[in-house]
Amino acid sequence: MMNPMNLFLWYNKKRRSIAVCSLALCFMLALGALSAEDPAIAAKPSRVMPFRPGETLMYDISWSNIVTAGTAVMEVKEGTMPDGKRVLRFIVTTHSAGLVNAFYRVNDRLESVFDPEIMQSLSLSLNVNHGKKKRRRELVFDHAGRTVVSRLNDDPPETLTIPDPVQDALSSLYYIRTRDDFMVGKPITIEVHDSGKNWSVEIQTLGREKVKTPAGEFATIKVRTFPKYEGVFMNKGEIFVWLTDDNRKVPVIMKSTISIGSIVTTLTSMKLDDVKPLAKKPVPSPDTDATK
């Protein structure tokens with residue numbers, strides 16, 4: 001049987017393909033990759049944002065809920081483009097923990113710049129630090145021209161064709177949270193660009209379940225994802241995601257099955273936004289002159 005350290009290294013090596021496959025696992029230590037509905041008649045997502053600046057989600061990453069491999073923090077922040085356009089910044093940081101951190105330190109940062117007006121990613125930056133290995137990737141989307149400029153480390157930039165609309169590996173998770181058409185038997189399909197490839201990802205709704213995590217007990221929507229590349233479904237293992245069954249669709253559990261168990265990401269705590277309730281005006285006491 002593979003020991004926890006070798007398991008982590010194996011899973012980390014698969015990071016790119018798994019992220020595109022899972023949508024939601026793109027911010028785990030294992031970053032990485034579905035007859036679907038006709039795009040022409042697909043339901044449009046709600047424009048009421050289920051997330052706002054200040055939202056912070058914290059997760060533990062483990063093997064089969066036994067061995068802790070690391071932690072992940074997922075944040076939403078405000079941003080402004082050079083032309084003054086207001087955007088949202090999705091930032092994910094992952095860190096190894098415990099035995100993994102002692103032998104193979106992992107520190108990753110992924111940031112997606114998202115335009116809420118067109119509901120698509122404008123750019124993606126990835127900085128990976130695995131032991132002594134470092135890697136950078138940047139994507140800049142031109143949705144009008146249906147192209148993306150991709151740069152890996154210091155290599156010359158590469159211009160690639162993309163579909164419209166399209167998401168990156170991180171914005172895809174936030175985008176799916178804007179959908180309100182989760183129905184058993186009716187898959188949702190979105191286009192994702194990652195690692196120089198365009199993927200169609202099918203999200204199948206399996207049903208509703210109650211789940212319990214360190215962050216609390218939640219009524220959830222359970223979904224499963226399937227990636228398809230150039231019309232062919234890819235065998236990347238089963239990916240399950242539990243989203244809160246409310247307007248926010250917070251991912252509370254993500255589970256990727258592998259040959260010797262599963263990789264589980266579990267919500268441990270959350271802060272939903274920076275919006276604070278208005279302070280109540282103090283009520284004057286009977287012996288206080290309210291006119292002062």
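**Figure 1. The loop that holds P165.** P165 is placed in the loop between β8 (158–161) and α4. This is a predicted model. The peptide bond leading from D164 to P165 is cis. Its omega is near 0°. Most peptide bonds are trans.

**Figure 2. Overview of the chain.** The protein chain has four helices and 15 strands. Of its 292 residues, 48% are buried. The chain exposes about 14800 Å². Carbon and sulfur atoms account for 54% of that area.

**Figure 3. F51 against Y174.** The structure contains five aromatic pairs. In the pair of F51 and Y174, the ring centres are 5.1 Å apart and the planes stand at 85°, so the geometry is edge-to-face. F51 belongs to the loop between α2 (15–22) and β1 (56–63), while Y174 belongs to helix α4 (residues 171–177). The pair therefore ties together parts that are 123 residues apart in sequence. Both F51 and Y174 are buried.

**Figure 4. F90 stacked on Y174.** F90 and Y174 make a stacked aromatic pair. The distance is 3.7 Å centre to centre, with 10° between the planes. F90 sits in strand β3 (residues 86–96) and Y174 in helix α4. The two residues are 84 apart in the chain, and the pair links distant parts of it. F90 has a relative accessible area of 0%, so F90 is buried. Y174 also counts as buried, because its relative accessibility is 0%.

**Figure 5. The aromatic cluster.** Ring pairs join F51, F90, F114 and Y174 into a cluster.

**Figure 6. The largest nonpolar core.** This core has 52 residues. M74, F90, L170 and V252 have the most contacts inside it. Strand β13 (residues 239–244) gives the most to the core, with five residues. In soluble globular proteins, nonpolar side chains tend to be buried together.

**Figure 7. K222 over a ring.** K222 lies over the face of F240. The distance from the ring centre is 5.0 Å.

**Figure 8. β1 beside β2.** β1 and strand β2 (residues 67–80) run antiparallel. Eight bridges join them. W63 stands opposite V67, a residue of β2.

**Figure 9. The hairpin of β2 and β3.** β2 and β3 pair in the antiparallel sense over eleven bridges. E75 has I91, in β3, as its bridge partner. Five residues lie between the strands of this hairpin. There, G84 takes a positive phi near 95°.

**Figure 10. Surroundings of T93.** T93 is a residue of strand β3. Its relative accessible area is 19%, and the limit for buried is under 20%, so T93 counts as buried. Beyond its neighbours within four places in sequence, T93 is in contact with T71, A72, V73, D108 and R109. In a regular strand the side chains alternate between the two faces of the sheet.

**Figure 11. The loops on either side of β7.** Most residues other than glycine have a negative phi. R146 has a positive phi, near 55°. R146 is found in the loop between β6 (133–142) and β7 (147–152). Its relative accessible area is 45%, so R146 is partly exposed. N153 is not a glycine either, and has a positive phi of about 50°. N153 lies in the loop between β7 and β8. With 26% relative accessibility, N153 counts as partly exposed.

Figure 12. Strand β9 (residues 188–194) and strand β10 (residues 197–213) pair over seven bridges. The pairing is antiparallel. T189 has E202, in β10, as its bridge partner. The hairpin has two residues between the strands. S195 takes a positive phi near 55° in this hairpin.

Methods
Residues numbered from 1 in each chain as written. Predicted model: local features only at pLDDT ≥ 70, side-chain atom pairs only at ≥ 80, totals over all residues. Heavy atoms only, no water. Phe/Tyr/Trp six-rings, centres within 6.5 Å; stacked < 30°, edge-to-face > 60°. Buried < 20%, exposed > 50% of the residue type's maximum accessible area, 1.4 Å probe, protein only. Lys NZ or Arg CZ within 6 Å of the ring centre and 35° of its normal. Areas by Shrake-Rupley, 256 points an atom, 1.4 Å probe, with all protein chains shown as cover. Core = buried A, V, L, I, M, F, W, Y, C linked by side-chain atoms within 4.5 Å. Contact = heavy atoms within 4.5 Å. Pairing = 2+ DSSP bridges.
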